[in-house]
Every structure is written in structure tokens, then in C-alpha cells.
Amino acid sequence: MATKLGLGLPQNKQYDLGRDVPDVARTAEEIGYESLWVYERLLVPDPATQGLYGIEGLPWPDGYRGVAEPLVTLTLAAAATERVRLGSSVLVAPLHVPFQLAKALATLDAASGGRVIAGFGTGWSHDEYAAASVRPFEERGAGLDELIGVCRAVWGPDPVSYDGRVTKIAPAVVGPKPARPIPILLAAGAGKAQRRLVDHADGWLPVGMGAEALAAQWRGLRELAAERGRTEPIRTVLRTNAQYLAKGHAGAGRSPFEGSADQIVEDLAAHAEVGLDEILVDLQSGTRDAQELKEVAAEVYEKARAAGI
């Protein structure tokens, strides 16, 4: 069976949120993409104090200087589409008040007819935590644990109750409920994060940085699941951050998913061999505007399907 393909929605600085998100969402559905995805970036700190990914001196992409809020973006896409699933890869969970995020996701799922995929991570930006988090950076894992527990409670039957460090819900009616159980997927690289995924989540959100490394990670995660007695399958959605080059092929030594549409599809094929359920192709960083994003998305989709992906 062919790998499912999803597309990243236009959230970056160069796009017009109100015009481009519905336009790209409708076009992606017409092309055949099966899901639409958002990511979260609250702010861009002074590079002198914090480099990208916390790496000193690593510059921030210009497109990050104004990333649209993810749930607003998904809501615009939901209103413009009928079939595609609506996912986050990822929401930085501890930056959100757990109860409010759980209710917002439930509302979006109810409104969209059961199409939401809740992808969570802990993030890495100290500046974002200082600006927005209800818990300190050092408690990000515990914050994610509590958020998952609150979501399961709020999305479940009434009366809802929860007694956590931040969230305390006395028995109450909470609605609307999701149209169906919302799957929770986690970005988890190793150690405790992977144990959390195996024990408490529905799936995994890796990032494509090379097919061999991905295969090793996936093998290790399945071995961990077997060790911990998990019997339910782990749903998988691979994020690929593509850098489309309009002027042609990237040269030798290029990064994964960098280059022409043909080169991007070549890398998609290699990663698809790992056997994951779905691949999210995020093209927005390398396209100049929504028109080019739609054209490249159509070309990548057609060539991927022709290649048997």
C-alpha cells in the first residue's frame, strides 16, 4: 500500500495567512494529499543570545520571523476542506495551558468531523519557555505528561476530573467532545521521551535526516515497545523539511530533501522504504509564495506517486 502523503501549510513570514492558508489547503486536497500540518514557533530571539535549536551561532531562517499560530492556521484549513486530516508536528505542549489546549483541540475535531491529529513535543527554546510556558524549561517532560493526562480526561466521558500539579479539574461537564478519539503522536528521540511514547501515546513523529538513521530509530522504538509489553501498533508520521531549489539540482553533499522536485522525491523514496505510515512534506521554507508552493506540491505529489511512494 502506498505511503500516505501530507503537506505543510504556509505559516512562515512570506505568506498571507488569511488568503494563502485556505487556498493551499483546498489545492492540496484536490491534488490528493491526505493530511495538512502545522508547526509551532512563538518567537525568534536575538541570535547572539540563542542560536537555532540552541546551537550557538547557528542563524535563524528569515521565515521564522512571524510564524502563524498553529491552531488558528488549522482552523482556516479545516473550514476550507472536507477530507484531509489536520495535524500538528509539533505543538510545543508545555507552552500551553493544558485544559485550554485540550478543549481547543476537541472543538476543532468536532467542527471538522473528526480530522485532528494532536502532535506534541517538549521544544528546546529557553526564550519561548520564558515568554509563554506555565512551567519552567526544566519541567518540560513533566509538563508534557500532564498535558497528555488532561487531554485524555477532557476528551473522555463526563464527569471530567483531573488532579495534577498545574491542572485541577473538579468533576465537571466539559464539551464539546471530539468527534472520535483524537490520536496523540509525540516527537521522541530517545530515552525517557520514547518510553513516554510507548506507554502513553498513539504514535511517533520523527524528522527525516537520513533513511539509515531513521530506520535505526524505528527499529529501536519497536524493540522498546516489545520490551514494555505494548501490543497496539505505533502510528508513524515522518516530517521532512524540504528545501526546494527553483534553479535546479543541488550539488554533491546536499542535505536530505534539498534540491529539485526530483531530488526531493528521491529522498522521499529512500525514507519510504523504512516502512512508516505517512510522510509530511513541508515545502514552505523553500518557496517564494503560495503559487509556487502549490506548483511544487503538485509536482512532488505526482512524481512521488509515479515512483510508487
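Student: How are helix 2 and helix 3 oriented to each other: roughly parallel or roughly antiparallel?
Tutor: This is a predicted model, where local features need pLDDT of at least 70, side-chain atom pairs count only at pLDDT 80 or more, and totals for chains, interfaces and linings use all residues. Residues are numbered from 1 along each chain as its sequence is written, and side-chain values use heavy atoms, without hydrogens and water. Helix 2 (residues 70-80) and helix 3 (residues 98-112) pack at about 10 degrees, with axes 10 Å apart. Angles under 35 degrees count as roughly parallel, and the two helices are therefore roughly parallel.

Student: How many residues of the contact of helix 2 with helix 3 are nonpolar?
Tutor: Contact means heavy atoms within 4.5 Å. Helix 2 contributes Leu71, Leu74, Thr75 and Ala78, and helix 3 contributes Leu101, Ala104, Leu105, Leu108 and Ser112. Two of the contact residues are polar, none is charged, and the nonpolar ones number seven.

Student: How many residues of strand 1 are buried?
Tutor: Buried means under 20% relative accessible area, with a 1.4 Å probe and protein chains only. Strand 1 spans residues 4-8 and is mostly covered. Of its five residues, the buried ones number four.

Student: Which residue of strand 13 is the bridge partner of leucine 7?
Tutor: Strands pair if DSSP finds at least two bridges between them. Strand 1 and strand 13 (residues 278-282) run parallel, joined by four bridges. In strand 13, the partner of leucine 7 is valine 281.

Student: Which residue of strand 2 is the bridge partner of leucine 7?
Tutor: Three bridges join strand 1 to strand 2 (residues 35-38), and these strands run parallel. In strand 2, the partner of leucine 7 is leucine 36.

How values were computed: Axes fitted to C-alpha atoms, helices over the stretch in contact; angles between N-to-C directions. Parallel < 35°, antiparallel > 145°, perpendicular 65-115°, else oblique. Nonpolar A, V, L, I, M, F, W, Y, C, P; charged D, E, K, R; others polar. Buried < 20%, exposed > 50% of the residue type's maximum accessible area, 1.4 Å probe, protein only.
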